[in-house]
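Please look at the sequence and structure first.

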Amino acid sequence: RFSLISMISRFEIHAHNLLRQRRVLEHLKGPSKRMDGPSFWKILTRVQTESRSGPVKMCDGLVIAKPSAALKEKMEWLEGLYRVRNCLAHRLGMVQMIDVKPLGVSLDQTKDDDTLKAIWLRPRVLLDGKEVQLPYTTTKAAQVKVDFEPYVREWKIGAQIDVSPLDCQAIAISLSMLGQQLQTDFEGEMNALLGIPTPTPAASGK
């Protein structure tokens, strides 16, 4: 429980730090083109207020103005995990109506068959093309490949959220990939803000 809460919090800190950098660069590109104490304090208070909108809004609209397709794809994991984190932090993992309420729907419109749904990536180990469960031993030579597949968990109202150590490892990998993509999108938008051209892949020589 505490591992999952901590992972989400660390991702929020990552997004918060990027947002602060963005607001500083935007200020320096503005009319004054200089930083002073009052200006920096104003930036800090703005970022603190904006950060309360949650990590999903932070990724789409604040840290990143126009998320790439790759970032939008990975953000699919964040909404559900953030709901799971809130349930674990505020309700000790016992799912209640507020946890399953769809976005944009009032609480009195929540149905008893609504569920709290979370998606993250699950690593798979393929041995000669067939998935095997770890730990696994073999005495013959084989081709080993590791890939990832979306993994879905759902909990009904009244259910107790349980996450295993393997779940936490998979969630950590998913959040790491999301954080790296957020950083990539951020660097692209900041370079555009500063007028730095995006590097193009070098042409292959003969």
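**Labels and their cut-offs**

Q: Why is Glu 79 called partly exposed?
A: Glu 79 has 24% relative accessibility and therefore counts as partly exposed, since buried means under 20% relative accessible area, exposed over 50%, and partly exposed in between (1.4 Å probe, protein chains only). This is a predicted model, in which local features need pLDDT of at least 70 and side-chain atom pairs count only at pLDDT 80 or more, whereas totals for chains, interfaces and linings use all residues. Residues are numbered from 1 along each chain as its sequence is written, and side-chain values use heavy atoms, with hydrogens and water left out.

Q: What makes Arg 83 and Glu 79 a salt bridge?
A: The closest N and O atoms of Arg 83 and Glu 79 are 3.2 Å apart, and a salt bridge is a side-chain nitrogen of Lys or Arg within 4 Å of a carboxyl oxygen of Asp or Glu. Both residues lie in helix H4 (residues 69–91), 4 residues apart, about one turn of the helix.

Q: Why does Arg 83 count as buried?
A: Arg 83 has a relative accessibility of 17%, so Arg 83 counts as buried.

Q: Which atoms bring Glu 149 and Arg 122 into a salt bridge, and how far apart are they?
A: The closest N and O atoms of Glu 149 and Arg 122 are 2.3 Å apart, and the two form a salt bridge. This pair links distant parts of the chain, with Glu 149 in strand S3 (residues 144–156) and Arg 122 in strand S1 (residues 115–127), 27 residues apart.

Methods. Helix = DSSP H or I, 4+ residues; strand = E, 2+ residues; numbered from the N terminus.
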